[in-house]
Structures are given as structure tokens and as C-alpha cells.
Amino acid sequence: EQLVTELENESYRGVVFTSSKPDGFIAGADLFEMAQMDHAQMRNFLERGQQIFDRIACLGIPTVAAINGACLGGGLELALACTYRIAADRGSISIGLPEVNIGLIPAWGGTTRMTRQIGILQTLPLLMAGKTMPPRRAVKVGIIDEIVRPEVLLQAAKRLLCQRPPRHQPGLLDRLIMTVPWLLNRVHRSAQKQMIKKTFGNYPAPELLLKTAYVAARRGHEAGLHT
């Protein structure tokens, strides 16, 4: 919050978010800390995270997530709030939102931003299975903008600050689905049936994840946050 406030009040040409850890970007929230929270604390924890990432997305200057290692959960949610995402070309790096595998959902805006960026057809299989992927696969999916040799990651990230912001948008079919309500409803119902076959209605996280992605696709980012 202190850093974002500084970025909002000072004149910067852009900002690169990176990590001092040699083999990791951000692996997500502290699950042990979360386990100690009561309902009110958890609500505040989620809302503050959403607000900070929304402020980053609205800074008005280029922002780049320079991903040098594991970028999971909250780490990818931060990256998705940036203008660009660039990653080191290492097959050992894992990128994704695996929260559903431990009974949670990405709740700092990752679910909504990914849905709006790459479309619900691509997003649902990734989120519902909690899939992670290496950088090369993430580029093909549309989550990552560019991969470079590890030794030039920061140099390349700074270069992106001087380029025209990318126009992130889903493919043609996804754009059609997200603008035609009956098509989106059909995708939603089909995904619900597949989910029930696997969970038998015993796991709330996949159900809420699906609902959040559906609302984000139909009504936008802000509505998805409040699902």
C-alpha cells in the first residue's frame, strides 16, 4: 500500500515488479496466516488485496511483472494487474492459479482478470483444474506477453515500459460468447454439469469459481469481485 501510494503521488515513467529471490517471483498468500483468520479478518484481507491490485491496474503508467520464478496464486493475480507480463524462459517455472486444489478460489481479482483477458472458454479449464504451466505454454494461452533469456529479464522488462501497451482481449469465439447472453448461459450450464460429475456437489470452491468467472464474463471485473 505504501509503494502504490508513492507511485500514485510521484511522477514515474513506469514501474517493474520483480523479486529479489533467485528462483521465485511470488508463490501466493501465506496459507498458515490465513488459517488463523476469523471471518472479519479474512474479508478485510481479501478486500485490501483487491483494492491494491485495482490501484496498480489504474496507475496510469506502464507496469511490468518480471517473472523470474514461481508465479502462483496471488503472485499471478498481481502480474495480471500489470500492463505487461514477461517471464524468464525456464521450463521449471510454474505459472497459474491453483487455489481450487486446496479449497480456495483466486479472490484478489485473478479469476475476473484472466476471464476478461483470455476468455471464459480458455479460463475455465485452467481454473477449475487448478492447472499450472511453464512460461512457453503461458504465452500460447495469452497469460504471459513475452519470454526472454533469464539473464536479460530486467533489461527486457524495462524495454516494455517504452512500448505501446498491448491490447489484451479474448479470441473471436470468446468475444462472441461474452457478448451473446444465451451463448454464455449455455457455456455456463455445460461447465456446471461437468463440475457436478466430478464433485457431486460436495466442494464449494469449484462452484464459486465457476460463478465468479461467469459473472466476470457477463458483467465485468468489478461485478466479479463482489460475487
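Helix α11 buries Ala205, Pro206, Leu209, Leu210, Thr212, Ala213, Tyr214, Val215, Ala216 and Ala217. These buried residues pack against α5, α6, α9, α10 and α12. The model is a predicted one. Two of those partners, α6 and α10, also pack against each other, at about 20 degrees. A further pair, α9 and α10, crosses at roughly 105 degrees.

- Helix α11 covers residues 204-219, which makes 16 residues.
- At 1.5 Å a residue, α11 should span 22 Å, and its end C-alpha atoms are 22 Å apart, so the two values agree.
- The buried set of α11 includes Tyr214 and Thr212, along with alanines such as Ala213 and Ala216.
- The helices packed against by these buried residues include α5 (110-118), α9 (172-179) and α12 (221-225).
- Glycine 220 follows α11. The phi of glycine 220 is positive, near 105 degrees.

**Helix α6 against helix α10**

- Helix α6 spans residues 120-129, and helix α10 spans residues 181-199.
- Their axes lie 12 Å apart, and the packing angle is about 20 degrees.
- Angles under 35 degrees count as roughly parallel, and α6 and α10 are therefore roughly parallel to each other.
- The crossing of α6 past α10 is right-handed.
- On the α6 side, Ile120, Leu121, Leu124 and Met128 make the contact. On the α10 side, the residues are Leu184, Val187, Ala191 and Met195.
- By class, this contact of α6 with α10 has 8 nonpolar residues, no polar and no charged.

**Helix α9 against helix α10**

- The axes of α9 and α10 come within 5 Å.
- They cross at roughly 105 degrees. The range 65 to 115 counts as roughly perpendicular, and α9 and α10 are therefore roughly perpendicular to each other.
- From α9, the contact uses Leu176, Ile177 and Thr179. From α10, it uses Pro181, Leu183, Leu184 and Val187.
- The contact of α9 with α10 divides into 6 nonpolar residues, 1 polar and no charged.
- Leu184 and Val187 of α10 meet α9, and Leu184 and Val187 also take part in the contact with α6.

**Helix α1 against helix α3**

- Helix α1 (residues 2-9) packs on α3 at about 25 degrees, with the axes 10 Å apart.
- That angle makes α1 roughly parallel to α3.
- The crossing of α1 past α3 is left-handed.
- Val4, Thr5 and Glu8 of α1 make the contact with Ile52, Arg55 and Ile56 of α3.
- By class, the contact of α1 with α3 holds 3 nonpolar, 1 polar and 2 charged residues.

**Aspartate 54 in helix α3**

- Aspartate 54 sits in helix α3, residues 39-57.
- Its relative accessibility is 18%, so aspartate 54 counts as buried. The cut-off for buried is under 20%.
- Leaving out residues up to four places away in sequence, aspartate 54 touches Arg113, His221, Glu222 and Leu225.

- Valine 16 belongs to strand β1, residues 15-17.
- At 23% relative accessibility, valine 16 counts as partly exposed.
- Beyond its neighbours within four places in sequence, valine 16 contacts Val64, Ala66, Leu154, Ala157, Lys158 and Leu161.
- The C-alpha atoms of valine 16 and glutamine 50 are separated by 20 Å, and the two residues are 34 residues apart along the chain.
- Serine 19 lies in the loop between β1 and β2 (24-26).
- Serine 19 is buried, at a relative accessible area of 18%.
- Not counting residues up to four places away in sequence, serine 19 touches Gly24, Phe25 and Asn68.
- Serine 19 and alanine 65 are 46 residues apart in sequence, with 9.5 Å from C-alpha to C-alpha.

**Phenylalanine 200 and its phi**

- Phenylalanine 200 is in the loop between α10 and α11.
- Its relative accessibility is 65%, so phenylalanine 200 counts as exposed.
- The phi of phenylalanine 200 is positive, near 55 degrees, in a residue other than glycine.
- Most residues other than glycine have a negative phi.

Conventions:
Residues are numbered from 1 along each chain as its sequence is written. This is a predicted model: local features need pLDDT of at least 70, side-chain atom pairs count only at pLDDT 80 or more; totals for chains, interfaces and linings use all residues. Side-chain values use heavy atoms; hydrogens and water are left out. Axes are lines fitted to C-alpha atoms, for helices over the stretch in contact, and angles run from 0 to 180 degrees between N-to-C directions. Helices (H or I, at least four residues) and strands (E, at least two) are DSSP runs, numbered from the N terminus. Angles under 35 degrees count as roughly parallel, over 145 as roughly antiparallel, 65 to 115 as roughly perpendicular and the rest as oblique. A crossing is left-handed if the near helix is turned anticlockwise from the far one by less than a right angle, and right-handed if clockwise. Contact means heavy atoms within 4.5 Å. Ala, Val, Leu, Ile, Met, Phe, Trp, Tyr, Cys and Pro count as nonpolar, Asp, Glu, Lys and Arg as charged, and the others, Gly among them, as polar. The expected span of a helix is 1.5 Å times one less than its number of residues. Buried means under 20% relative accessible area, exposed over 50%, partly exposed in between (1.4 Å probe, protein chains only).
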